[in-house]
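Please keep the 3D view open as you read.

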Amino acid sequence: MEVHVQPRTRSKMFCGCAIGELGDAPNTHVCEVCLGLPGVLPVPNKAAVEACLKTALALGCEIPRHTKFDRKNYMYPDLPKGYQISQYDLPMSINGHLDVGGRKVRIRRVHLEEDTGKLIHAGDKLHKAWESYVDLNRAGVPLMEIVSEPDLRSADEARDYAIELRTLLRTIGASEAEMEKGQMRAEPNISIRREGSSELGVKTELKNINSFRALHRAILFEVERQKQLLEAGDTVVQETRGWSEAEQRTFSQRSKEFAEDYRYFPEPDIPPLELDRAWIEDLRRGLPELPAVRRARLVADHSLPHRDVAVIGADRELADLFDGAVAAGAPAKQVANWIVAEVAPSGKLPSAQNLAELVKLVSDGSITRDQAREVLVESVETGRTPAEIAAEHGHKQVSDESELRVLAEAVIDANPKAAADFRGGKKQAMQALMADLRKRAPQANPKVANELLLKLLG
Ligand SMILES: [Zn+2]
């Protein structure tokens, strides 16, 4: 699989143009260099080289002493220079690997290149368009190309690989890797083989897939299509295919029967790069804890269940929040529960200190879980401490049996049907009774109240 990722930089790969945002007016982030005007000289973007090297290091790649850029020549209206600056035989890094669900996926290379512009066809479909427009805002935007060896065996594995790659890129800060913004695009090469055979069949390449869901579906579709062809006695044609989201199928784009000749040659305007070993070692030392190591630590140090590790380990901010709250003295399992159930779905993070305080207020019985949920929301919005907020709202938890008994009796009187249902064996009727009880007295200790209801109904 080839994955193109836009490294996190402010400017383009070989000029000072800003990266811009999706939806900016067309051709507003362009200059002589990225328009391909004659007489200009490209200058490599150091931040892009750094992001590429960090990615390579995080993937365990070897980084050769010398690397160079090459011209890949072809004609297309979205490529004003008539060539793309890429890397051919001396890429920035080679021979890495990424562990995905306990399996090692080998990485062949990670190199740098530039993106092309965008064509907008009036009427959407090329063959039906009466006019086409060219937007060169993306021309010259840096791209890392991450190429794996043919180690992925299914649509599931391909999707998991792409997700793991995104987690890694975000963790090390090399890219936002947001697929919906075109910052990460997957191009799986797909071939099938007879059971027991070690020879890979003819492959097709799927272009520019921009969601994990589409990646999964496109591969499933393509495997099935190839299978049907072979079973009908036909052959698979080596070609590039696109994925139609609307029709949920792949379609032929261009045949690779006559392999393209890109006439690669060294970019004469950029001298080969000699990568400073000291710089590379600095980058290596500066890498944060990588996702696989982090997940192993969450299991080893805190015995968190797989489900919690999957959520917390996939996001550096959540993992840092977890570590911070535990360091502040809150019990690990409860912190994990709050992060997985409340913080992660809301996407809004409290400070580690405040989360720790909240968890402690609940676990020592000072406030109920329902109250704590409200306190959390308010704490995230205002930044104030949970203890302050709870005190201000007069939140406390009532565990006193005599007080709660009066309440439980009132709830049973007010809900004769639910009470009768429960006595008749419908255990789920308890939910309605508890809901009414919590509405009347949010401060009631739910565990004690539940026991009282059971006793009174028994
Ligand atoms: Zn430019």
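When residues are sorted by class, Ala, Val, Leu, Ile, Met, Phe, Trp, Tyr, Cys and Pro count as nonpolar, Asp, Glu, Lys and Arg count as charged, and the others, Gly among them, count as polar. By that sorting, the lining of the second largest pocket holds 11 charged, nine nonpolar and four polar residues. Before going further, note that the model is predicted, so local features need pLDDT of at least 70 and side-chain atom pairs count only at pLDDT 80 or more, while totals for chains, interfaces and linings use all residues. Residues are numbered from 1 along each chain as its sequence is written, and side-chain values use heavy atoms, with hydrogens and water left out.

Now to the spaces themselves. Rolling a probe the size of a water molecule over the atoms shows where empty space is left. Here the search runs on a 1 Å grid over the protein atoms alone: a cavity is a set of points where a 1.4 Å probe fits but cannot get out, a pocket is an open set with protein on both sides within 12 Å along at least five of seven lines, and lining residues have an atom within 4 Å of a point. Grid points are joined across faces, edges and corners, and a volume is the space filled by probe spheres set on the points.

The second largest pocket has a volume of about 660 Å³. Its lining is made of 24 residues, and I163, E164, T167, R295 and A314 lie nearest its centre. Helices (H or I, at least four residues) and strands (E, at least two) are DSSP runs, numbered from the N terminus. Among the elements that each supply at least two lining residues are β5 (93-100), β6 (103-114), α2 (155-171) and α5 (291-302). The largest share, seven residues, comes from α2. The pocket lies between domain 1 (1-173) and domain 3 (288-392), because both give residues to its lining; the domain bounds come from an automatic or database domain assignment.

What about enclosed space? The whole structure has one cavity of 30 Å³ or more, and the largest cavity holds about 50 Å³. Its lining includes C34, Y83, D115 and G140. By class, that lining has five nonpolar, two polar and three charged residues.

Finally, look at two backbone angles. Most residues other than glycine have a negative phi. A177, however, has a positive phi of about 50°, and R263 has one of about 45°. A177 sits in the loop between α2 and β10 (184-187) and is buried, with a relative accessible area of 0%. R263 belongs to the loop between β14 and β15 (265-266) and is exposed at 53%.

Definitions and conventions:
Buried < 20%, exposed > 50% of the residue type's maximum accessible area, 1.4 Å probe, protein only.
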